[in-house]
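Work through these exercises with the sequence and the 3D view open. Try each task before reading its solution.

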Amino acid sequence: MSDATTTTATETPHRYTATSAGELELRWQKVWECDGTYHQPNPGEPGFDASRPKYYALDMFPYPSGAGLHVGHPEGYIATDIMCRFKRMSGCNVLHPMGWDAFGLPAEQYAVQTGVHPAVTTKKAIDNFRRQLKRFGFSYDWSREFATIDPDYYRWTQWIWLQAYHAWFDPHVGKAQPIAGLVSRLEKNDALVDVEGERVRWSRATPLQRQRYLDGFRLAYVGEQTVNWCPKLGTVLANEEVIDGRSERGGFPVLRLPLKQWMFRITAYAERLLDDLSMVDWPESTRVMQTAWIGRSDGAEVRFEVLRSREEKGVGHLRMRLRLADLQLALQDRTGEMLRRIEDRCRTTHGLEVQVSLAGTILGSKQIGEILTLQGRVRQHGAAVAVVDADEHQREVFRISKLDKLLRDEHPGETLVVFTTRPDTLFGATYMVVAPEHPLVARATSDPASETDVDDLSAYVAIARNRADVDRMAESKVKTGVFTGLYAKNPATGEAIPIWTSDYVLMSYGTGAIMAVPAHDERDFEFAKIFALPITQVVDVPDQPWTGDRATSGEGVGIHSKNEEVSLDGLGTREAMSVITKWIESKGIGRRRINYRLRDWLFSRQRYWGEPFPVVYSDDGRHLPIAERALPVALPELVDYQPIVSDTPVPPLGKASEWVHTTAGAAGVDASILPADALVRRETNTMPGWAGSCWYFLRYCSPKDSSRFVNLEAERYWMGGRGVDLYVGGSEHAVLHLLYARFWHKLLFDLGHVSTQEPFGKLFHQGMITSFAYQRVDKSLVAVDLVEERANGTFVEKETGDAVTQVIAKMSKSLKNVVNPDDVITDYGADTFRLYEMYMGPLEQSKPWNTRDIVGSFRFLQRAWRLVIDERTGEPLFAAAADATLERLLHRTIHKVGEAIERLSFNTAIAALIELTNAATRPTTMTDLTLGGFDRNQSERFVLLLAPFAPHIAEELWHRLGHSTSVTSAAWPAHDPAMLVDDEIELPVQIQGKVKARVTVPAKASAAEVEAIVLADSDVQRLLGGKPPKKIIVVLGRMVNLVG
RNA sequence: GGCCCCGUGGCGGAACGGCAGACGCAGCGGACUUAAAAUCCGCAGCCCUUCACCGGGCGUGUGGGUUCAAGUCCCACCGGGGCCACCA
């Protein structure tokens, strides 16, 4: 117990003490709950006032852990609560909800450790979090509370997933469309589709083949991917969940493993996710992080011929160009009729079997000429593939996957496609490198005539593959690699250059292969030095003179870059890139391309504690969606939810065999898809913890709606304009949650389910609450309880007496500097806690908790109380007459506080309130208490100013001032702008830029008048010593500068 | 290694390019008290000068620059933090 709890009850029985604060806080919390003070009706509901503007303030809902709340949790919640209370008083309808993000790994791991079912521990944790949060007096509308584990909620999480499953990203319109539209197009054209290397007409394809084909388009799809497999967690993880080769949760090593998993085609939205960042008011750092994560690179894709030896001549290319008129017709004719005609023409006039697929978009006829080239490539058997290749803009993802597929599947071992951001260095490409996982390597190892040691190659690939990414990085200092025995023909120089494999090239980026330009890329240079590969300079970089002992990666002027058809010599890098790209395109060996670092989002987890997928499998291996009417697919109550130890991921839900093996009818598959009695197997993977947080802010709008994931009208009202008006949470979610939620939102927007492109109009990250710790000379940290403070303000280690310095560190059990919010509230009350945490410093900054400082906030509330209440009687106390100076200050404070709240600058708002209180406080020695302080009206406005920050004490004072309704619904006081300026102001006078004197001038004085007053001032004349200044600068209302 | 942010009293921090250090903590002095606590009043960046008042100089990590004027803008460096990290 702190000093604050002691009270001099005998003399001042109505003081504000920790005890009385606790009493009145609990009392008002009960009243607010009984009265439904913070209940916000929806449009159409009784009590809804349509004339008021809306304000939606959202906290990142917590993941309730067994440990309970720590002092960092409430920081953001207090901030939004202040804003909400201010907005309510300013006349807004305010949506301020709270809920629980309750599925996920930590709860399951805790359950596995303790043997208690996660449903039990999670419920307990939620109850504890709710109790702790309620003690702060937050103005949440608790009637909107829900948890992501509620079947009524995850029913709709599954529903949204189904929307993605039934949709594809149509490159023509740049947005998601129902996949039924694509299917009917395929049917109508009876299109030739490509399924795992085999081409069949749609009408003749098996159901499984059709499904496989459509999986190449669905936004939620099954895909075979090299995944991040964490054996220790027993699950696969998304790229975003892997940091430095270790799991974000737990820090366990992560391996790579090819696996069929549910994916989200988030890459289809790469461009929009990037561009729309300009629409939102977000911290710059977060926008930069998302931009970097999406990682757009502009460059070119170039196809190299693969040769089996240095001497081999490559297979010739056949290049074709259709007449512009044909293309124009093809584009305008969406039915496919024209495409058929082009195919026919190729067959009859060129003797070529050609497939034409329409991947371009009608951007305007002027672009058509430049956007399309038809490339043909002859195979030995005479079959050919043509790719209609469209413009680089927007529709990239769809076409590229298509191109890659065709190239890889149709011409195994014959070409090697690379992506480069520096096509202008093509002449300097002296070797190639492919990732160890690249298919070319597998073929090279099985080539009996290989020029290299195949065993070496196999061994290297085996090591690189099995190595966890952590090790791969740890050993990354020295580059390693093996020659594959294959060569590629540099299309610019015509030279055969060796193809190597090395783990510095990643299979997951670009095409998994690079053209190495050692002269102008540091990584390639390092590799070339180690393996004595040739280095050819092809760019002269002005500020990086060529010395031969390092790569020059800057931009410059092309040299040594010339063949019969094209020359880059003398061209600047930018121009050279454009020239060479055009040349590549005209040769049909590549094109301009945009590449994204973003990969598709792996959405399956081999865990029990998550949302089941609404999918079953038929015995021919097809996945079949559950009908919407059959949702939710409830998570079975599994007694044994222990993860299955295995070298490969095995979902624990497989243990619920009665649940897994069922019939189509029982599972809820529509009879039109499969007969009701057909045996099916349920999907046993579950969704990751991120699923529930992707759309919870929408559910708050109408949490009880049982017919829709969100009520249409409620969504339009609360999310209207720019979505959530204020979203506060930690910057640790800068990419993960905030990127995923944006993706879901865009998908829902495209399908017409929500009304805004972006979910969160304004985002704010609160800083971390840190703590003090102590550091020895050797930089090791010492726990707080092992250190004592000396009288002179220095710190020594108790045991040794050695001096230690105070440093700022994260709160941790080992440093004994963790603060429990419950204790602080017991010692001072929730109002003091709220005030202290907001007064510590700027909201966005990380700040050290200092328990010693809390008393300052407490004393402020005591003074505020004494200012309004006579502590002997408990009755309100008023000055006989309003003090004019105080009135002026009050107006200024009203202005300052309101403006500071809008800026989320709560520390300065509170400082202004303290200044006002200090100015108004009567000395305790004063006997006539009617002399100082506020009059009734001033007191009321003062209490209103206090209300957003310290709602309990404000409510108490408001009622003691005679009001019977809550301060929550009172109007924010107005200020008179005329009261913000004084009649006379004191101006500093600078001489040669240094403040030397002060003069008092009328506030409305003109520059000339001010100048006259200054020059007439006796101090100024003395300081000038008779010499008139050369120049006088008058900044009205600010200062005067005399320059000699 | 790359990009970004931040360096202000003993501590947390204020400061539209215009009086640096608001406000709070800790500290010091005083009032009240038998006393302590609490409360209230006052003092408080550093240095020089002075018995004192007065007065003067230096001060926002370091060094330069722009400007009548720089904590604030520009360049370089030092220190701390964050993000990414072989992304071709």
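**Exercise 1. Base and phosphate contacts**

Which base atom of RNA strand B does a backbone N or O atom of Leu 506 lie 2.9 Å from? Then find a phosphate contact and a side-chain contact to a base.

Solution. Keep in mind that this is a predicted model.
- Step 1: Start at Leu 506. One of its backbone N or O atoms is 2.9 Å from a base nitrogen of RNA strand B.
- Step 2: Go to Asn 918. An N or O atom of its side chain lies 2.9 Å from a phosphate oxygen of RNA strand B.
- Step 3: Turn to Arg 998. A polar atom of its side chain is 2.3 Å from a base oxygen of RNA strand B.

**Exercise 2. Strand 18 and its partners**

Is strand 18 largely enclosed or open to the outside? Name the strands that pair with it.

Solution. 
- Step 1: Check burial, using the cut-off of under 20% relative accessible area. Strand 18 spans residues 482–489, and seven of its eight residues are buried, so the rest of the structure largely encloses it.
- Step 2: Find one partner. Strand 12 (residues 296–307) pairs with strand 18 in the antiparallel sense over three bridges. Leu 307 stands opposite Tyr 487 in strand 18.
- Step 3: Find another. Strand 19 (residues 496–501) runs antiparallel to strand 18, and five bridges join them. Here Tyr 487 stands opposite Pro 498 in strand 19.
- Step 4: Inspect the turn. Strand 18 and strand 19 form a hairpin, with six residues between them. Gly 494 in that turn has a positive phi of about 80 degrees.

**Exercise 3. An open sheet**

In what order do the four strands of the open sheet lie?

Solution. 
- Step 1: Read the order. The strands run 8-7-11-24, and their pairing is antiparallel.
- Step 2: Locate the edges. Strand 8 (235–237) and strand 24 (601–602) each pair on one side only.
- Step 3: Follow one pair. Strand 7 (residues 220–230) joins strand 8 over three bridges. Cys 230 stands opposite Thr 235 in strand 8.

**Exercise 4. A glycine and the whole chain**

Where does Gly 115 lie? Then summarise chain A.

Solution. 
- Step 1: Gly 115 sits in the loop between helix 3 (105–114) and helix 4 (118–134).
- Step 2: Check exposure. Its relative accessible area is 54%, so Gly 115 is exposed.
- Step 3: Compare separations. Gly 115 and Leu 133 are 18 residues apart in sequence, and their C-alpha atoms are 28 Å apart in space.
- Step 4: Zoom out. Chain A has 33 helices and 40 strands. Of its 1044 residues, 56% count as buried.
- Step 5: Take the surface. The accessible surface of chain A is about 45000 Å², with 52% belonging to carbon and sulfur atoms.

Technical notes. Residues are numbered from 1 along each chain as its sequence is written. Chains are lettered from A and ligands numbered from 1 in the order in which they are written. This is a predicted model: local features need pLDDT of at least 70, side-chain atom pairs count only at pLDDT 80 or more; totals for chains, interfaces and linings use all residues. Side-chain values use heavy atoms; hydrogens and water are left out. A polar contact is a pair of N or O atoms within 3.5 Å; within protein, one must be able to donate a hydrogen and the other to accept it, and residues adjacent in sequence count only if both atoms are side-chain atoms. Buried means under 20% relative accessible area, exposed over 50%, partly exposed in between (1.4 Å probe, protein chains only). Helices (H or I, at least four residues) and strands (E, at least two) are DSSP runs, numbered from the N terminus. Two strands pair if DSSP finds at least two bridges between them. Accessible areas come from the Shrake-Rupley method with a 1.4 Å probe; for residues, only the protein chains shown count as cover.
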